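Please take a moment to look over the model and its sequence before reading on.

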Amino acid sequence: MLHLIGYYRFKDENGIIFNAYKTKAILTTDYDQFLIKKFVNEYIEKEKKKTIICKEEFDNYNGYEFLKFSFGIKINDYSQIEETVKELMEVNSFINKKAKKIFTSATMPVPIYYPEIYLNDFVGKIGHDIKYYDDEYYTKKIKIDYINYLHQNNIEDVNVPNEDLLDYYKPEEFIVCVNGKNVKINRNNQDINVFSTYSIKKGDYFIQLHYIIKNMKNVDDYEFNQSGKLLSFIYKGQKYILDPDLNLKSEIKGNKVPYEWTISKLAEFFDAEAKYDYENKTINLNI
């Protein structure tokens, strides 16, 4: 598209004027931001939506301003999260359908954007991807993010049911302890804690087995390759092979097991006990 180094302004066939800055290796533009703005405004006009809030900011890049466009919906109550997610997903579907006609090659992928939900001083983001992540996923995400926000800021919201306060309080990560001791790994000559991270898709915290296997008393043996990657282990006389293709659902197929394990699957498979300490953000595995 551009062969000369420097700053440019362009107009496409739709009349969109956008900015571009070219270095020897990188092309930076705000074309996708102007397109998202165009599509959102088209949706608002088509569906007669007055609830969608649009915001325009400008990022400075090498002395030039590039558009940063965002949009979202302000709600007044926690109970409105589900219906608002569905509405924003409809906007996403509209944008993606329009963008697909323009971004037709690997060098011009569908633009990435994050619609927002505003509740009190909280800002929750959903994503543009509506194929892999559906309404249910994003509803859970916003509820988890909001309730985590309440805990982190010591805020009480009387409109949140007590059941949800319990079910959706999911700190992003917990320090992992095995048999009462913190698990450590060495990076850059420094010992650091191992963390278990929450996955909304899996509905559980998960961890990579190679971080903790050396601390597990009930594993008979294990094998690492020269680069430190766990290849296999022996448990109850059976040899198990690590297979990255099983990571997504933490599946076990015969003697093939995933690298990433949910805490519940780990506890079930290895006859272990998992105790969560929400105050100190730790998970202790007796295993």
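Is N179 buried, partly exposed or exposed? With a relative accessible area of 25%, N179 is partly exposed, where buried means under 20% relative accessible area, exposed means over 50% and partly exposed lies in between, using a 1.4 Å probe and protein chains only. Before going further, note that this is a predicted model, in which local features need pLDDT of at least 70 and side-chain atom pairs count only at pLDDT 80 or more, while totals for chains, interfaces and linings use all residues. Residues are numbered from 1 along each chain as its sequence is written, and side-chain values use heavy atoms, with hydrogens and water left out.

N179 sits in the loop between β8 and β9 (181–182), and its phi is near 55 degrees, a positive value in a residue other than glycine. The element names come from DSSP runs numbered from the N terminus, with helices (H or I) of at least four residues and strands (E) of at least two. N188, in the loop between β10 (184–187) and β11 (190–193), also has a positive phi near 55 degrees, but N188 is exposed, with a relative accessible area of 76%.

Y168 lies in the loop between α4 and β8 (173–178), and although Y168 and I144 are 24 residues apart along the chain, their C-alpha atoms are separated by 4.9 Å. Leaving aside residues up to four places away in sequence, Y168 touches Y78, K140, K143, I144, I147 and N148, where a contact means heavy atoms within 4.5 Å.

The buried residues of α2 are I81, T84, V85, E87, L88, M89, V91, N92, F94, I95, N96 and A99, and their cover includes α1 (31–47), β4 (52–61), β5 (64–75), β6 and α3.

Next come the aromatic rings, for which a search of the whole structure finds 34 pairs. Rings of Phe, Tyr and Trp (its six-membered ring) pair if their centres lie within 6.5 Å, and planes under 30 degrees apart count as stacked, over 60 as edge-to-face and the rest as tilted. F10 and F18 form a stacked pair, 5.8 Å centre to centre with 25 degrees between the planes; F10 is partly exposed at 26% relative accessibility, whereas F18 is buried at 6%. F233 and Y240 are also stacked, 5.3 Å centre to centre and again with 25 degrees between the planes, and both of these residues are buried. Elsewhere, ring pairs link Y169, F174, Y198, Y205, Y276 and Y278 into a cluster.

C54 is partly exposed, with a relative accessible area of 33%, while C177 counts as buried at 8%.

Finally, consider the protein chain as a whole, which has 5 helices and 20 strands. Of its 287 residues, 43% count as buried. Its radius of gyration is 24 Å, whereas a compact globule of 287 residues would have one near 19 Å; the radius is taken over C-alpha atoms, and the globule rule is 2.2 Å times the number of residues to the power 0.38. The C-alpha atoms fill a box of roughly 70 × 55 × 35 Å along the principal axes. Among contacts between residues at least 6 apart in sequence, 46% join residues at least 24 apart.
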